[in-house]
Amino acid sequence: MLKRVHFGPSVLPFLLVAPQIAVTLVFFIWPASQALYQSFLLEDAFGLSTEFVWFDNFADLINDGIYLDTFKRTAFFSFSVAFLAMSIALILAAMVDRIIKGVYVYRTLLIWPYAVAPVVAGALWVFMFDPTLGIFAYALNTIGYDWNHKLNGGEAMTLVILASTWKQIAYNFLFFVAAIQSIPKSLIEAAAIDGAGPLKRFWTIIFPLITPTTFFLLVVNIVYAFFETFGVIHAITQGGPAKATEILVYKVFYDGFVGLDLGGSAAQSVILMAIVIVMTVIQFRYIERKVEY
Amino acid sequence: MIENRPFITFLAHLTLVLGVLLVAFPIWITFVASTHDAVRMTHVPLPLLPGDQFFVNLKTALTESIGGAGSLPVGLMMLNSLIMAMMIAVGKISISLLSAYAIVYFRFPFRMGFFWMIFVTLMLPVEVRILPTFEVVANLSMLNSYWGLTIPLIASATATFMFRQVFLTIPDEMLEAARVDGAGPMRFFWDILIPLSRTNIAALFVILFIYGWNQYLWPLLITTDKEMFTVVMGIKQMLETAEQAPDWHLIMMTALLAMIPPIFVVLSMQKMFVQGLTETDK
């Protein structure tokens, strides 16, 4: 942590950490503790009186079938996005590893969606699937499928998953390429000499050796799907139709800023914080366990 | 290459080309839509090849207000986005450099306490604490200002961690030599640490610029004044008014404009960005 050679105590280090600590206290620690405090309060609709209700807000959430449904929906959404985005990225990364010419070109062409904002990604996909005008909706129509994500919840979910996945492929791809390239070539060559074909080498050598990266990406993708897809959903469906695409983050926003249920929204925030903390801890645990070749 | 199997190499290229098509298709469609006029964009099927209205649409989007009365022209929204992204990127890098320097190079009381205080922020994305943070910003009367847009997003453990990691790999002899030559702490920081971490700063800048430019939920809550809207929010607003009369050619032109700066930053600094991303996040 500390350098062997370092400076002794003085006022300077306090001045150096001061800006960051000030921002952290005012905009992180204080609001987070406020969220915790508010989650124990019940406020009337006009904000005139508040009552300390202990765990009632949490109990309400847990007994509320809607919240549990949102939870299941979020889990389904996150795992679908993580699975799709990682599988596609891994296939592409494995292919990049096989070729010699054009690696740079492919990489350049594959990474730009990383730079696209979630809302913009949402706008792009909602345009392509617009029930009356969209190019894909039209294509589906010509083969006899009537696409309308504004009415059909399942189709809305599919569209949201597609848009979120599209944006995340680039990020996963970069990590998988870096991981595959860091595997010593001698291992692969030895297996090839022993007669293992490309597919067998992939499943028995490459795939096991990149497990730490895969795991890291799984956590990152789930966190992404949990929180950063807000923009995608806000642009495409606004949580609809009939709450079919309302995930946890969307519900915190909706209940807090539209429904004005402050205590309930704060309780949801606290639950989300707990989820993030658990995921961060898992992530750090696994990163420390690096694979030695 | 371990063995020469032309068929598999062909298959690899084929898969990659398909992958590129999958990834690039939405962007191509956006570009195509931005090159046609309003009339063409209401006829099914929509075009797959570009038209000739690109510059007309570009001019309209940049200078006129589209989607709802009194909204800002996209050109000005982009200026807001640029200011926000730059403030977030530069702010984050500056305060993280300073705090990482203090934590790695100084022995002082509560050092680990400060470290942990910064560490917990890693676990609290803005999305999970929006309501109380919004209240804090409102109480400080920072709504509808660049400060309110950026400062709450500036503190982040990620950058501090990265710089901490970088500083720890710098040999101790550097500081010893600097001391022998009579350099004080700030001199050492400016003349040795900063130049040595140049590539990391650049990589982080790319990541943070994109992060800042693409912020959506926070600006949505903090800004009610149309003068403060960012381009990412502007698109959403246009989509809403588009429910009745979709100006898809202009919306897609705006989407294209919103994508260009971050894509340009990523591609122009690709090498450092890829290095920074894959080496620091872990």
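**View 1. Crossing of helices H3(B) and H6(B) in the predicted model.**
H3(B) passes H6(B) in a right-handed crossing. Helix H3 of chain B covers residues 74-105, and helix H6 of chain B covers residues 146-154. Their axes come within 9 Å and cross at roughly 35°.

**View 2. Residues at the contact of H3(B) with H6(B).**
H3(B) brings Ile83(B), Met84(B), Met87(B), Ile88(B), Gly91(B), Lys92(B) and Ile95(B) to the contact. From H6(B) come Tyr146(B), Leu149(B), Thr150(B), Leu153(B) and Ile154(B). Sorted by class, the contact has 9 nonpolar, 2 polar and 1 charged residues.

**View 3. The contact between chain A and chain B.**
On chain A, 86 residues are in contact with chain B. On chain B, 81 residues take part. Helix H1 of chain A, residues 12-38, gives the most to the side of chain A that touches chain B. Its share is 19 residues. By class, this side of chain A has 69 nonpolar, 13 polar and 4 charged residues.

**View 4. Leu262(A) in helix H13 of chain A.**
Leu262(A) belongs to helix H13, which covers residues 262-288 of chain A. Leu262(A) counts as buried because 23 other C-beta atoms lie within 10 Å; the cut-off is 20 or more. Val252(A) is 10 residues away from Leu262(A) along the chain. The C-alpha atoms of these two residues are separated by 9.4 Å.

Terms used: Residues numbered from 1 in each chain as written. Chains lettered and ligands numbered in written order. Predicted model: local features only at pLDDT ≥ 70, side-chain atom pairs only at ≥ 80, totals over all residues. Helix = DSSP H or I, 4+ residues; strand = E, 2+ residues; numbered from the N terminus. Buried ≥ 20, exposed ≤ 12 C-beta atoms within 10 Å, placed from the backbone. Axes fitted to C-alpha atoms, helices over the stretch in contact; angles between N-to-C directions. Left-handed = near helix turned anticlockwise from the far one by under 90°. Contact = placed C-beta atoms within 7 Å. Nonpolar A, V, L, I, M, F, W, Y, C, P; charged D, E, K, R; others polar.
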